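Please walk me through this protein model. Start with the overall fold, then move to single residues.

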Amino acid sequence: MSSAESNSTVEKFARHVNPAFVKLLGLFGYGRVFVRAEGTRLWDEDGREYLDFLSGFGAINLGHSHPQLNLRLQEFLTAKVPNLIHVGPSPAMAELAERLAALAGDPLEVAMFSSSGSEAVEAGLKLARAVTRRAGIVYCTGGFHGTSLGTLSVMGGDRMRAPFEPLLSDCHAVPFGDLAALERALSHKAGAFVVEPILGEGGVLLPPSGYLREAQRLCNKSSTLLILDEVQTGIGRTGAMFAFQAEGLVPDVLVLGKALGGGLAPISATVTSSRLHQKAYGTIDRFDLHGSTFSGNGFACAAALGTLQIVESERLAENARARGEDLLSGLRNALAGHPLVREIRGRGLLVGIELGPREQGNLLQK
Ligand code: PLP
């Protein structure tokens, strides 16, 4: 891409997509136009190479442009199979749902597909309402579940939700890790407790040991569904295929997105037991209460099946665990004693550096 073309990209983007974003990039001096991506690397229009730490907000677990996934999707496109089948069972959806059930384990057996993480969390919230006939939802302060109206209702940050209020009523925040607060909130008979196994957008916050298991016990006691949002932690990112597998529990609803489509196709899944699914949607007058035109389309399912196969064959979860330990210890060694680094934490390759003066006044005194 020539620099004239790149300028025109910036101008078109500013004019027709998001002016404030371009302004922000300019202000910080990061106004690059990236034109090539492979593995962990990005290249800008001047051929400069960058290490991609953002990884598509955690959606590129395979790396960019994985050759095997590219090939599989090329094959899908040349095979001329129907991409959207609304008048019969889709082979691609059936195969992907079966694969997810095998990976998630009993009793998570039924998958509902969507295109984004937000939609998949919404599907979980709707399922909980349909199953329990209760309106209430408990969520964690600092949690992030998407930007649709339903998911904004269960998000911790005021800046993102305030312009759109009023949102869903009967949603109650509890601090992440605080079991006493959760127990109090659940005593009002909520339909669902929605939580991430590790708060991603909230600052890579790990749960206290045993928190999620005990949360599940409390949910069971009050017949509240536990919805585990693994949109960010799933698909090998934290050192297991799903983060819940390291926590000794199985949620009522498992939500997946981001990396499920290998960074190439938008696809997300809300996986639950056949008992709960049957209760919500198991009759002829209810089978179509949830869904959308592109949910479970063939291309996206092929991307997800290809992704899962690569994660397994290349042992990417195990790799994330080992590389994550290297990354954590490397960062801790390199940044030890740095006055602006408060903490370095994470699990697998979901790692964060908390910045800020370690002690009030520290910087000013130096
Ligand atoms: N849930 C979690 C934990 C997320 O991190 C995100 C996005 O960052 C979402 C849900 C929303 O996913 P999407 O942006 O695909 O709607």
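**From the whole chain to single side chains**

Contacts come first. Take the contacts in the protein chain with a separation of 6 or more: 67% of them are between residues 24 or more positions apart. Keep in mind that this is a predicted model.

Now the overall build. The protein chain has 14 helices and twelve strands. Its C-alpha atoms fill a box of roughly 60 × 60 × 40 Å along the principal axes. What radius of gyration does the protein chain have? The value is 22 Å, which agrees with a compact globule, because 366 residues packed that way would give a radius near 21 Å.

Next, the surface. Of the 366 residues, 45% count as buried. The protein chain exposes about 18,800 Å², and carbon and sulfur atoms supply 56% of that area. Charge is the next item. The protein chain has 35 positive and 37 negative side chains. The centres of these two sets lie 4 Å apart.

Turn to the aromatic rings. A pair of aromatic rings is described by two values, the distance of the centres and the angle of the planes. The structure holds five aromatic pairs. One of them joins F13 and F21, with 6.1 Å centre to centre and 55° between the planes, and this pair is tilted. F13 has 31% relative accessibility, so F13 counts as partly exposed. F21 is also partly exposed, because its relative accessible area is 37%.

F34 and Y50 form an aromatic pair that is edge-to-face. Their centres are 5.1 Å apart, with 85° between the planes. What does this pair tie together? F34 lies in strand β1 (residues 34-38) and Y50 in strand β3 (residues 49-51), so the pair links parts that are 16 residues apart in sequence. F34 has a relative accessible area of 40%, so F34 is partly exposed.

Finish with I198. This residue lies in the loop between β7 (192-195) and α10 (211-221). Is I198 buried or exposed? I198 is buried, because its relative accessible area is 1%. Which residues does I198 touch? Leaving out residues up to four places away in sequence, I198 touches V204, L205, L206, P207, T233, T238, R347 and L350. I198 and C219 are 21 residues apart along the chain, and their C-alpha atoms are separated by 18 Å.

Terms used. Residues numbered from 1 in each chain as written. Predicted model: local features only at pLDDT ≥ 70, side-chain atom pairs only at ≥ 80, totals over all residues. Heavy atoms only, no water. Helix = DSSP H or I, 4+ residues; strand = E, 2+ residues; numbered from the N terminus. Rg over C-alpha atoms; globule rule 2.2 N^0.38 Å. Buried < 20%, exposed > 50% of the residue type's maximum accessible area, 1.4 Å probe, protein only. Contact = heavy atoms within 4.5 Å. Areas by Shrake-Rupley, 256 points an atom, 1.4 Å probe, with all protein chains shown as cover. Lys, Arg positive; Asp, Glu negative; His and termini not counted. Charge placed at Lys NZ, Arg CZ, Asp CG, Glu CD. Phe/Tyr/Trp six-rings, centres within 6.5 Å; stacked < 30°, edge-to-face > 60°.
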